[in-house]
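I opened the notebook to record what I looked up in this model. The entries follow in the order in which I made them.

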Amino acid sequence: MTEEEHDGRRIAFVDADNTLWDTDGVFAVAQLNLLESIERAVGHSTARSDRLSFVRGVDQALAEQHHLGLRYPPRLLAIGIAFALRGDEAGTAAKRAWAERSTSSGIDPSLVEQIEREFVQYIRRMPDLLPGVRNGLQRLFDGGVLILVLTEGARNRVIQTADQHGLNQFFDRVIEAPKSERLFQRVQKLARVRLPAFMIGDQLQRDIAPAKAAGLVTIYIPSRFRPQWEPDEAAVGPDYRVEQFDQGADIILATNQQAGSSLGRP
Ligand SMILES: [Mg+2]
């Protein structure tokens, strides 16, 4: 699309994972399967009734300690869960997984490898679309809003998932970049962009805070994925909070109409 065609158009940045589709659900299945495998290997099960939060305690402790954050190697989770099942609290289990690897976890390294392979297979599964996404995207697109998908994950993966769900037609582009205040500022300075621009996302720290700092109107759609490092919602102060994507689309389209009518457009 050329610069001219952007003339006077509203921009909506949209986060992908857990905003458009249920990546969290895919991870939950993979994590619970990993827990079962490690329980079988260790010979006993966690006493915790919330099995997913047991896994995620170790998962988030690893992410906080690892330079790759949530993209740490899954074998560390397998080993960390083994330590946690043997009684370590999440932070200690994560540290030991990192420092001791599988040597003292009691799990055979080849089994750890197998469990890691399985985990990777599971997280490659196609996530379901979240409620209101297809309808919301369709209406934004029909309303002439430029939709830019912004991801800190892999761009190809986003395009592939969008393609499977038949969504790529709605997207002006898919951008793989850190969601920084500077990035949002730069885009608003492009010629013929109709301000304010919008940002829709499920993470306060990653999606909402930098967009808000750059002066975008922010729409927060909380997802089930709430890492323990998420800041307080009131402190970040998203402009809007909605339950699902199409309600966010309504807000953007309403602003579009107001701006249009003030310029005497239909
Ligand atoms: Mg997200």
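Entry 1, a helix pair. I listed the contacts (heavy atoms within 4.5 Å) between α2 and α4: G57, V58, A61, L62 and Q65 in α2 meet A90, G91, A94, K95 and A97 in α4. Helices here are DSSP runs of H or I with at least four residues, strands are runs of E with at least two, and both are numbered from the N terminus. The axes of α2 (residues 51-65) and α4 (residues 90-100) come within 8 Å and cross at roughly 55°. Axes are lines fitted to C-alpha atoms, for helices over the stretch in contact, and angles run from 0 to 180 degrees between N-to-C directions. I therefore noted α2 and α4 as oblique to each other; under 35 degrees would be roughly parallel, over 145 roughly antiparallel, 65 to 115 roughly perpendicular, and the rest is oblique. The crossing of α2 past α4 is right-handed, that is, the near helix is turned clockwise from the far one by less than a right angle.

The model is predicted, with local features needing pLDDT of at least 70 and side-chain atom pairs counting only at pLDDT 80 or more, while totals for chains, interfaces and linings use all residues. Residues are numbered from 1 along each chain as its sequence is written, and side-chain values use heavy atoms, with hydrogens and water left out.

I read the strand order as β3-β2-β1-β4-β5-β6, an open sheet of six strands with parallel pairing; two strands pair if DSSP finds at least two bridges between them. β3 (173-176) and β6 (240-241) are at the edges with a single partner strand each, so one side of each has no neighbour in the sheet. Helix α7 (residues 155-164) packs on the sheet and touches β2 and β3, its direction making about 150° with that of β3.

Which residues are the protein donors of the magnesium ion? I found D15 (OD), D17 (O) and D202 (OD), lying 2.1 to 2.2 Å from the ion. Donors are N, O and S atoms within 2.8 Å of the metal (3.2 Å for Na, K and Ca); water is not among the atoms, so sites may look incomplete. D17 lies in the loop between β1 and α1, and D202 in the loop between β4 and α9, so the pair ties together parts 185 residues apart in sequence. D202 is buried at 2% relative accessible area, whereas D17 is partly exposed at 30%. Buried means under 20%, exposed over 50%, partly exposed in between (1.4 Å probe, protein chains only).
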